[in-house]
Amino acid sequence: MLIRRSDLTSGLVALDVDIDGETMPIIVDCDRSPLRAWLNCCPHQGRRLDYVPGKFLIHKEQLVCAAHGATFELSEGLCVGGPCRGEHLSPVAVLEEPDGSLRFLRGDGGT
Ligand code: FES
């Protein structure tokens with residue numbers, strides 16, 4: 001599925017994207033420039049972070065895992081509270097191609 005920057009307007013968006021030939025669930029924070037993204041996978045027990053697809057718990061501008069309450073700040077994906085405190089969400093680099101389409105790579109893309 002081709003995803004364009006213009007498709008991502010605001011808030012946290014859950015997408016299934018191709019990363020290295022594998023379909024992976026990710027979260028994109030559309031309110032940041034450049035876009036920030038992580039695997040939609042909690043470091044505690046590997047569950048998705050949305051409580052239903054695409055719906056996230058946000059408390060005081062932090063993402064809360066719906067399973068056991070791990071709380072992540074959204075600038076670096078650091079867990080600041082809950083059972084995996086001190087761990088990070090797995091970053092996904094978002095690259096914008098000249099035609100406006102987005103490409104996703106594991107890791108932070110060296111940024
Ligand atoms: S799976 Fe997220 S807090 Fe347990």
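This is a predicted model: local features need pLDDT of at least 70, side-chain atom pairs count only at pLDDT 80 or more; totals for chains, interfaces and linings use all residues.
**The open sheet**

Four strands, in the order E4-E5-E6-E7, make up an open sheet with antiparallel pairing. Strand E4 (57-59) and strand E7 (79-81) are the edge strands; each has a single partner strand, so one side of each is left without a neighbour in the sheet. On average, and with direction ignored, neighbouring strands of this sheet are turned by 40° against each other. Strand E4 is joined to strand E5 (residues 62-64) by 3 bridges, and the two run antiparallel. Within this pair, Leu57 has Val64 of E5 as its bridge partner.

**Strands around E3**

Strand E3 (residues 36-39) pairs with strand E2 (residues 22-29) through 4 bridges and with strand E8 (residues 91-96) through 2 bridges. Both pairings are antiparallel. Trp38 of E3 takes part in both pairings, as the bridge partner of Ile27 and with Pro91 of E8 as its own partner.

| Strand pair | Bridges | Direction |
|---|---|---|
| E4 and E5 | 3 bridges | antiparallel |
| E2 and E3 | 4 bridges | antiparallel |
| E3 and E8 | 2 bridges | antiparallel |

**Burial and the nonpolar core**

Strand E3 is covered on both faces: Arg36 and Trp38 are buried on one side, and Ala37 and Leu39 are buried on the other. In soluble globular proteins, nonpolar side chains tend to be buried together. The largest nonpolar core of this model contains 18 residues, and Ile26, Ile27, Ala37, Trp38 and Val92 have the most contacts inside it. At least two residues of this core come from each of E2, E3 and E8.

Ile26 illustrates these contacts. With residues up to four places away in sequence left out, Ile26 touches Leu15, Val17, Ala37, Trp38, Leu39, Asn40, Val92 and Phe104. Ala37, Trp38 and Val92 in this list are also among the core residues with the most contacts.

**A loop residue: Ala67**

Ala67 is found in the loop that lies between E5 and strand E6 (71-73). Is Ala67 buried, exposed or partly exposed? A buried residue has 20 or more other C-beta atoms within 10 Å and an exposed one has 12 or fewer; Ala67 has 16, and is therefore partly exposed. Beyond residues up to four places away in sequence, Ala67 touches Cys42, Gln45 and Arg47. Asp18 lies 49 residues from Ala67 along the chain, and their C-alpha atoms are separated by 25 Å.

Key. Residues are numbered from 1 along each chain as its sequence is written. Two strands pair if DSSP finds at least two bridges between them. Axes are lines fitted to C-alpha atoms, for helices over the stretch in contact, and angles run from 0 to 180 degrees between N-to-C directions. A nonpolar core is a set of buried Ala, Val, Leu, Ile, Met, Phe, Trp, Tyr and Cys residues joined through C-beta atoms within 7 Å. Two residues are in contact if their C-beta atoms, placed from the backbone, lie within 7 Å.
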